[in-house]
Amino acid sequence: MNIEFNCPHCDRSLAIDEKWRDMEVQCPDCSGSLVPTRVIAKKKDVEQAREKYQETPQNIQREEEERAERKEVLRLRKLQILEDNGLVKIS
Ligand SMILES: [Zn+2]
């Protein structure tokens with residue numbers, strides 16, 4: 001079975017039989033030496049790091065929404081207390 005990866009030197013798409021994955025081979029395009037297993041492992045790390053990074057803005061938004069919700073709950077509670085005391089909120 002072939003495994004596919006990109007050359008870490010020239011980014012050319014390459015394929016190699018899985019049995020050679022731990023061997024040091026030369027890119028047919030730029031003659032740079034590489035070990036397929038290491039190239040693939042490194043790519044996975046980059047992808048995982050990118051996924052984590054992409055999650056961050058969503059998390060921030062979710063936190064802001066939760067905070068706004070809590071604020072609204074507190075505001076309503078405060079208003080309720082004012083009403084219970086026969087006071088009306090002016091602003
Ligand atoms: Zn190359």
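**View 1. Contacts of Phe 5.** Beyond residues up to four places away in sequence, Phe 5 touches Leu 14, Pro 36, Val 39, Ile 40 and Lys 43. Contact here means that the C-beta atoms of two residues, placed from the backbone, lie within 7 Å. The model is predicted: local features need pLDDT of at least 70, side-chain atom pairs count only at pLDDT 80 or more, and totals for chains, interfaces and linings use all residues. Residues are numbered from 1 along each chain as its sequence is written. Phe 5 sits in strand E1. Strands (E, at least two residues) and helices (H or I, at least four) are DSSP runs, numbered from the N terminus. Phe 5 counts as partly exposed because 19 C-beta neighbours fall inside 10 Å. The cut-offs: buried at 20 or more other C-beta atoms within 10 Å of a residue's own, exposed at 12 or fewer, partly exposed in between, with C-beta atoms placed from the backbone.

View 2. Strand E1 (residues 2-6) and strand E2 (residues 13-17) run antiparallel and are joined by five bridges. Strands pair if DSSP finds at least two bridges between them. Asn 2 has Asp 17 in E2 as its bridge partner. Six residues lie between the two strands of this hairpin, and Asp 11 takes a positive phi near 65°. In a regular strand, side chains alternate between the two faces of the sheet.

**View 3. Arg 70 in the helix.** Arg 70 belongs to helix H1, residues 36-84. Arg 70 counts as exposed because it has 10 C-beta neighbours inside 10 Å.

**View 4. The whole chain.** One helix and four strands make up the secondary structure. Their order along the sequence is β-β-β-β-α. The C-alpha trace spans about 85 × 20 × 15 Å along its principal axes. The radius of gyration is 28 Å, whereas a compact globule of 91 residues would have one near 12 Å. That radius is taken over C-alpha atoms, and the globule rule is 2.2 Å times the number of residues to the power 0.38. Of the 91 residues, 2% count as buried. Among contacts between residues at least 6 apart in sequence, 16% join residues at least 24 apart.

**View 5. Two domains.** The assignment gives domain 1 (1-54) and domain 2 (55-91). Such bounds come from an automatic or database domain assignment. Over C-alpha atoms, the domain centres are 51 Å apart.
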